Amino acid sequence: MSTTMTVDFFCSLDGNGSAEGWPGYWGKEGPELIADRVHTFEQEQVLVFGATTFRLFREFVVEYDEPYYDSLNRLPKIVFSSTLEEPLGWHNSAVLNEDAVTAIERLKRTTDIPMRSHGSISLNRALLAAGLVDRLEVMMFPAITGRAGSASLFRDGAEFDLDLIESTVLDGRTMKLVYAPHLHGQIPEGVGPKLRTAE
């Protein structure tokens, strides 16, 4: 028995997950993007959160009316936290007060239900560095957030080689890129630019 772990990350072109003064989706959502989100969360899966993202989404699903929020409410959720206690205030949620890397490694071996984590920068950076992420789904919006940007998943993290599984343009402007990540190891011989040979 084994399952997959997907990390799902929204970012601007310069790799930031959020930016001060910019709205959700960087103000660039469209019907194809929303339909993709609806399809993504219609699938049976367990949603995995860090405490900060869990608190935010617990409020989002009450305050906002996105077409896929009913699916977020329905799906089982795990939040890794040493401070949150049940009841968690969000339907179908459970808290795990343990090391996330150890727990996800165990869950990947002992369950067949796929897991997905959206947001949760420090959690997902740790899961990536531990080699526990099978699919990295990057939704790259047409915006450069510059100094206003924050919450970069990749900056100061581990190094990876990526195998492209899927690429889709949504609404003619937003790129959905799905990768299989592999921790970067030794560079094989013979790759990269070649030196000129002396004549």
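Student: How many bridges join β1 to β7, and which way do the two strands run?

Tutor: Seven bridges join β1 to β7, and the strands run parallel. Keep in mind that this is a predicted model.

Student: Which other strand pairs with β7, and in what sense?

Tutor: Strand β10, residues 174-183, pairs with β7 in the antiparallel sense, over five bridges. Here Leu136 stands opposite Tyr179 in β10.

Student: Why is β7 called largely enclosed?

Tutor: Count its buried residues. A residue is buried when its relative accessible area is under 20%. In β7, residues 135-141, five of the seven residues are buried, so the rest of the structure largely encloses the strand.

Student: How many residues of β3 are buried?

Tutor: Five of the five, across residues 46-50, so β3 too is largely enclosed by the rest of the structure. Now look at the two sides. Val46, Val48 and Gly50 point one way, Leu47 and Phe49 the other, and all are buried.

Student: Which strands pair with β3?

Tutor: β4, residues 77-80, runs parallel to β3 and is joined to it by four bridges. Ile78 in β4 is the bridge partner of Val48. β6, residues 115-118, also pairs with β3 in the parallel sense, over two bridges. There, Met115 is the bridge partner of Val46.

Student: Now helices. Why might buried residues gather on one face?

Tutor: Start with the general idea. An α-helix has 3.6 residues a turn, so residues three or four places apart point the same way.

Student: Which residues of α4 are buried?

Tutor: In α4, residues 100-110, they are Ala100, Ala103, Ile104, Leu107 and Lys108. Seen down the axis, these buried residues fall within an arc of 135°, so they line one face of the helix. They pack against β1, β3, β4, β5, β6 and α5.

Student: What caps the N-terminal end of α4?

Tutor: Asp99 does. One of its side-chain oxygens lies 3.4 Å from the backbone nitrogen of Val101.

Student: How far apart are the charged atoms of Arg109 and Glu105?

Tutor: Their closest N and O atoms are 2.8 Å apart, in a salt bridge. The two residues are four apart in α4, so about one helical turn separates them. Both are partly exposed: Arg109 at 48% relative accessible area, Glu105 at 33%. Arg106 has a salt bridge as well, with Glu98, at 3.1 Å from N to O.

Student: How many salt bridges does the structure hold?

Tutor: Nine. One of them joins Glu44 to Arg74, with the closest N and O atoms 2.9 Å apart. This pair links distant parts of the chain, 30 residues apart: Glu44 is in the loop between α1 and β3, and Arg74 is in helix α3. Glu44 is exposed, at 55%, whereas Arg74 is partly exposed, at 37%.

Student: Which residues form a network of salt bridges?

Tutor: Asp8, Arg37, Arg116, Arg135 and Glu137 are linked that way.

Student: Last one. Where does Val38 lie, and what is it in contact with?

Tutor: Val38 lies in helix α1, residues 31-42. Leave aside neighbours within four places in sequence, and Val38 is in contact with Pro67 and Tyr68. Compare sequence with space, too: Val38 and Asp70 are 32 residues apart in sequence, yet 9.6 Å apart from C-alpha to C-alpha. With a relative accessible area of 22%, Val38 is partly exposed.

Methods
Residues are numbered from 1 along each chain as its sequence is written. This is a predicted model: local features need pLDDT of at least 70, side-chain atom pairs count only at pLDDT 80 or more; totals for chains, interfaces and linings use all residues. Side-chain values use heavy atoms; hydrogens and water are left out. Buried means under 20% relative accessible area, exposed over 50%, partly exposed in between (1.4 Å probe, protein chains only). Two strands pair if DSSP finds at least two bridges between them. The arc is that of the directions from the helix axis to the C-beta atoms. Contact means heavy atoms within 4.5 Å. A polar contact is a pair of N or O atoms within 3.5 Å; within protein, one must be able to donate a hydrogen and the other to accept it, and residues adjacent in sequence count only if both atoms are side-chain atoms. A salt bridge is a side-chain nitrogen of Lys or Arg within 4 Å of a carboxyl oxygen of Asp or Glu.
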